[in-house]
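Q: Hey, could you walk me through this one before I set anything up? I'd like the fold and the confidence.

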Amino acid sequence: MPLNKVLLAVDDSDYARKATELLCEMAADNKHLHVDVLYVMEPIPPLISGPTRDQLYKDLEAAARTILAPHKDLLDKAGIANTTRISQGNPGTQILELARGEKFDMIAMGSRGRSSVTEILLGSVSQKVLQYYHGPVLIAR
């Protein structure tokens, strides 16, 4: 199956970096591949409002761009066309909604990220994606 469109879900973990490196190796000769690199920010609690909420969003977005940068650099160095994207919400849900809505050929991600306590108790993002996505998923460890 040729890969033309891949969703690479990242965070600041070593596992996400490994997923990016594996994708670069797999796609070394694929000149048609385009990778969407996605980082999902945690939602801002509804109790935070006004200017404080706006500043917190700006800070989270700046941190997200910092997390995306090394993944984009690796893809650029490998000659792989890519676009970075930032989303906000539950990471597993956001990844699945984007992947289904835009019909990616594959999802690539790390096996474990910087999980919140909720994710540790309810299951990891990679487990959720594996369970609910009906297409190829590359999980790097």
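**Sheet, helices and confidence**

A: Happy to! Strand β2 (residues 34-41) and β3 run parallel, joined by eight bridges. Strands here are DSSP runs (E, at least two residues), as helices are (H or I, at least four), numbered from the N terminus. Two strands pair if DSSP finds at least two bridges between them.

Q: Which residue stands opposite Asp 36?
A: Thr 83 in β3.

Q: Is this predicted or what, and how are things counted?
A: It is a predicted model, where local features need pLDDT of at least 70, side-chain atom pairs count only at pLDDT 80 or more, and totals for chains, interfaces and linings use all residues. Residues are numbered from 1 along each chain as its sequence is written, and side-chain values use heavy atoms, leaving out hydrogens and water.

Q: What's the strand order in the sheet?
A: The open sheet of five strands goes β3-β2-β1-β4-β5, with parallel pairing. Since β3 (81-88) and β5 (137-140) are at the edges with a single partner strand each, one side of each has no neighbour in the sheet.

Q: Which strands does helix α2 lie across?
A: Helix α2 (residues 50-77) lies across β1 (5-10), β2 and β3, at about 150 degrees to β2. Angles run from 0 to 180 degrees between N-to-C directions, with axes fitted to C-alpha atoms, for helices over the stretch in contact (heavy atoms within 4.5 Å).

Q: Where is confidence lowest?
A: In helix α4 (residues 117-122), with a mean pLDDT of 46; pLDDT is the predictor's confidence in each residue, from 0 to 100. Where pLDDT is low, the predicted coordinates should not be read in detail.
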